[in-house]
Amino acid sequence: MPAIFQTATIDADIESVFDLISRIEEFPLYADVLKDVRKIDHDTYRWVARVRGITLEWDSVVTEFKRPTQLAWRSIRGLKNSGAYTLMPSHGGTHVSISMEFSFPNRLLERLLRPLTLPITRAIAAGILAHVKQRLEADDYASGVEQETAKGIKRLRSMLKKRHSTTHV
């Protein structure tokens with residue numbers, strides 16, 4: 001059974017990282033080969049991927065949802081796979097790892113497709129982590145700019161108020 005493991009450190013708090021990763025239906029925004037992810041009931045999702053002209057479909061169920069440290073799944077129909085995101089606080093940010101295993105219906109298909117699917121799957125996992133990192137760090141930057149702008153406006157108003165009160169005494 002082929003397996004992949006990818007890690008990233010993201011400059012955002014663990015809750016924000018988990019909240020973004022747990023929006024499973026948004027994964028097609030982060031990986032070009034994922035064409036659709038739809039929620040079909042409380043914790044079951046239908047996935048559609050297109051790799052080199054081949055469409056792959058599977059349903060998966062969330063097997064662990066431990067906010068903010070663990071999100072795991074396993075397929076229940078179609079392409080057989082399972083995996084987990086594991087999150088840990090790290091100096092001012094969050095260390096995220098993704099592990100995933102997948103298998104093919106028979107040895108012949110595995111022998112033919114493994115050389116193609118392993119690098120593609122690694123690239124998908126790395127791409128998802130990179131997009132999550134980019135989005136959260138950009139959001140964090142924007143949030144910081146907004147906070148500094150609000151502080152500046154508050155200081156300016158305070159200065160104007162003091163100046164106005166001293167000139168009209």
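Tutor: We will go through the sheet, the helices, the core and the rings in turn.

Tutor: Start with the ground rules. This is a predicted model, where local features need pLDDT of at least 70, side-chain atom pairs count only at pLDDT 80 or more, and totals for chains, interfaces and linings use all residues. Residues are numbered from 1 along each chain as its sequence is written, and side-chain values use heavy atoms, with hydrogens and water left out.

Student: What do labels with H and E stand for?

Tutor: They are DSSP runs, numbered from the N terminus: helices (H or I) have at least four residues, strands (E) at least two. Two strands pair if DSSP finds at least two bridges between them.

Student: In what order do the strands of the open sheet lie?

Tutor: The order is E1-E7-E6-E5-E4-E3-E2, seven strands with antiparallel pairing. E1 (3-10) and E2 are the edge strands, and each pairs on one side only. From one strand to the next, the twist averages 20°. Such angles use axes, which are lines fitted to C-alpha atoms, for helices over the stretch in contact; they run from 0 to 180 degrees between N-to-C directions.

Student: How many bridges join E1 to E7?

Tutor: Eight, and the two strands run antiparallel. Thr9 stands opposite His95 in E7.

Student: Is E3 mostly covered or mostly open?

Tutor: First, the term. Buried means under 20% relative accessible area, exposed over 50%, and partly exposed in between (1.4 Å probe, protein chains only). E3 is mostly covered, with six of its eight residues buried.

Student: How do I read one side of a helix?

Tutor: An α-helix has 3.6 residues a turn, so residues three or four places apart point the same way. Now take H1. Its buried residues are Ile14, Val17, Phe18, Leu20 and Ile21. They cover an arc of only 165° around the axis, so they sit on the same side of H1. That arc is taken from the directions from the helix axis to the C-beta atoms.

Student: Which strands does H1 lie across?

Tutor: H1 lies across E1, E4, E5 (70-78), E6 (80-90) and E7, running at about 160° to E6.

Student: Where do the nonpolar side chains go?

Tutor: In soluble globular proteins, nonpolar side chains tend to be buried together. A nonpolar core is a set of buried Ala, Val, Leu, Ile, Met, Phe, Trp, Tyr and Cys residues joined through side-chain atoms within 4.5 Å. The largest one here has 35 residues, and those with the most contacts inside it are Val17, Trp47, Tyr85, Val96 and Val132. H2 gives the largest share of this core, six residues. Contact means heavy atoms within 4.5 Å. Beyond its neighbours within four places in sequence, Val17 touches Ile10, Ala12, Leu87, Thr94, Val96 and Leu136.

Student: How many aromatic pairs are there?

Tutor: Five. Rings of Phe, Tyr and Trp (its six-membered ring) pair if their centres lie within 6.5 Å; planes under 30 degrees apart count as stacked, over 60 as edge-to-face and the rest as tilted. Phe18 and Phe65 have ring centres 5.1 Å apart and planes at 75°, so this pair is edge-to-face. The pair links Phe18 in H1 (residues 14-21) with Phe65 in E4 (residues 54-66), 47 residues apart. Phe18 is buried, at a relative accessible area of 1%. Phe27 and Trp47 also form an edge-to-face pair, at 5.9 Å centre to centre and 75° between the planes. Both of these residues are buried. One aromatic cluster takes in Phe27, Trp47, Trp58, Trp73 and Tyr85.

Student: Where is Phe104 found?

Tutor: Phe104 is in the loop between E7 (93-103) and H2 (107-167). Phe104 counts as buried because its relative accessible area is 12%.
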